[in-house]
Amino acid sequence: MIDTSLKKIFNRNFLEYASYVIKERAIPDDADGLKPVQRRILWSLFEMDDGRFSKVANVIGHCMKYHPHGDQSIGDALVSLANRGFFIERQGNFGNIFTGDQASAPRYIECRLTDLARETLFNKRITNFSPSYDGRNSEPLLLPVKLPVVLLLGAEGIAVGLSTRILPHNFQEVLKAQIACLRDQEFELFPDFPQGGRIDVTDFDDGRGRIRNRARIEKQGQKNLVIRDLPWGTTTESIINSIELAANKGKIKIASIDDYTTDSVEINVRLSRGGSSDEGLKLLFAHTDCEKPHTSNIIVIQDGYPIETCVTELVHYSTGRLIEILKLELKLELADFLGRLHWLTLEQIFIENRLYKSIEECTSWENVRDAVRDSLQPFIEKQEIEVTEEDVDKLLSLKIRRISRFDIESHRAEMSDIRKKMKKTRLNLRNIVEFAVSYLERLIKKYGKDYPRRTSIEDFSNIDVKKVAIRNLKVGFNSETGLLGTSIKGDMAFTVSEYDRLVFFLKNGTYRVVPVQDKYFIDGEVFYCGVLDKNIIFTAVYQQKNTGIAYIKRFCVESFILDKEYRFVPDGGTAIFFTYENEMKLDFWFERRKRMRKRKDDCLISEYRVTSEGAIGVQLCGKKIISSIKGTLIDDDISVEEGEPVDESPEEETEISEEVAVPGDSGKGQSISPDKLDQKTEEFHKRVAEVLKQAEEIVIPTDDKESGDLFGDIPIDPEDEP
């Protein structure tokens, strides 16, 4: 019972907390594009607005009536909002977005609303209010904003279970997108950052993807690079720190860094000897904060619920809100005109016809009001005008000075002017879309020049970090100990960068890809060890376990998981040859079999197509068993021998030795060359054939007369005669 009750309490409290954080703190509302603290700051400035600057400390104090989270959060939000420059005008030190310097204390700096804010953010008559957190004041639920503020300012917030990141956009482009939306035309919007810079929007995907943001860097000669604009979210200090860190790691070679930033960014990077500005520029983008990616993930509160949306949908929703607000304002304006015309008509009737004389003989206030109402009746029936108690009281409150100086001509001119305005207002209501377009065009004409695009849109060339990385590490391999790494000195050495990968192939038919590291132990006899290049084609010859049939396969190492064992020879197979050369001739000798006519064969490696490392390969010599194999480079006639053939006699089978060499081994040996061995074997066969022929002639003579002496034709040594 208790556990169940506690669980319900925790669930309810957590849900309330999560809802509060999402709706009241972290996520902006799509209707006005503001977080609660921003809305309260702007409303406080509106209530305090008298055209003059107010101390930020006073604004913070006034805003604390609405915001329950303390003065620090209000002050930080106000400074951030003011530095965007759309709705708050600054006076004093509000910090520096380029250097990251903090703003002065709130008692030293001042601010006020901009004309754009007064014109587009506020209208008390169409604003709904709710009690503040302590119930003593009323604050607006939403401001009647006529612009897509969330796109202009951008937003970033982390709530319970979700987060939002909306990049800022350009004022003119956002309003032009609204115009295109009203005219049912297509449009496209891309971010624009206050710090300038350059962006590649290839993967932006209407606010659901990412952009690449680069600093604007100028080349001055062959050694100097000057940084003029910064990526969004960085400062001169963070940029310099990232360059120094890259230099300490050996990723870029620089001689000095000088920061001359004041109101504009100027960081001078001088390269070391041997470096060029083109190469240095690529290294800055590849290894420092001069290039930053920004991911856009648009989540807003819409109609009380968090939703995931995109830039186009935000523009459409804000444009729909604009139409609704303009309609409400036009209807209120029309009602004001009607009210004013109603009053002017009653005032004219009351004064021109001297109806005020009808109250001279009245003895009570009720009689006076009845007399005025009765005297107006004949006139208002013709014009279908309704007279309320408020109208009668207002007529009775007219002063004698107003009655005595009443100018009928100016009165009629004012009424005529009101009728013209009413006609225009009704026309605007009927053509609300065109009215909204003209309203936006007027805002662009009036304020657009103050907000030019600062960030240029470009198509960046992809910089391969591995290719531009400086290869300043030396990796050694000791074949005796099997150790590989930057701290190893052995019989093989490679110059690499930290982004390179090392690959080694073992005679047991396996291989691994490992990162560059201090020390790594290779357990096994090595065929090949080197820097991985996905373009290198490896060739392996192996024999199957049961049949001994040889297969050849060519493959590249393209995809892999670091330090995972892969097989390039099937289980049970034996690798007998391995190379990374492409132009090579293979000579191979077969095990001797009865009635074998062909003892040797050859092929070119390039004749076989490239497959995957998991493929079986192609049979090299049918079902014949290879006893030894030798590879010869076509260009240099350099041999890579895998087992040398030796002489075999018919009576005795000689053991064949098999030598497997690592690529790069000299391959020098004391055995007879295969060509010479073939020549000697052929001479031996000829001698044996001659002896057998002679023996056959002796046993089966061709002449019967000589058949009596079996050994007559055999020559006798004189020393052997008796």
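Which element gives the most to the lining of the largest cavity? In this predicted model, the answer is strand β3, with three residues. Strand β3 spans residues 110-113, and the lining includes Cys-111, Arg-112 and Leu-113. Helix α2 (36-48) likewise supplies at least two residues of this lining.

By class, four of its lining residues are nonpolar, one is polar and four are charged.

A separate part of the analysis concerns a sheet. Four strands, in the order β20-β18-β19-β23, make up an open sheet with antiparallel pairing. Because β20 (492-496) and β23 (520-521) each have a single partner strand, they stand at the edges, and one side of each is left without a neighbour in the sheet. Strands of a sheet pair through backbone hydrogen bonds, in either a parallel or an antiparallel manner. Strand β19, formed by residues 483-485, runs antiparallel to β23 and is joined to β23 by two bridges. Across this pairing, Leu-484 stands opposite Tyr-520 of β23.

Notes
Residues are numbered from 1 along each chain as its sequence is written. This is a predicted model: local features need pLDDT of at least 70, side-chain atom pairs count only at pLDDT 80 or more; totals for chains, interfaces and linings use all residues. Side-chain values use heavy atoms; hydrogens and water are left out. Two strands pair if DSSP finds at least two bridges between them. On a 1 Å grid over the protein atoms alone, a cavity is a set of points where a 1.4 Å probe fits but cannot get out, and a pocket is an open set with protein on both sides within 12 Å along at least five of seven lines; lining residues have an atom within 4 Å of a point. Ala, Val, Leu, Ile, Met, Phe, Trp, Tyr, Cys and Pro count as nonpolar, Asp, Glu, Lys and Arg as charged, and the others, Gly among them, as polar.
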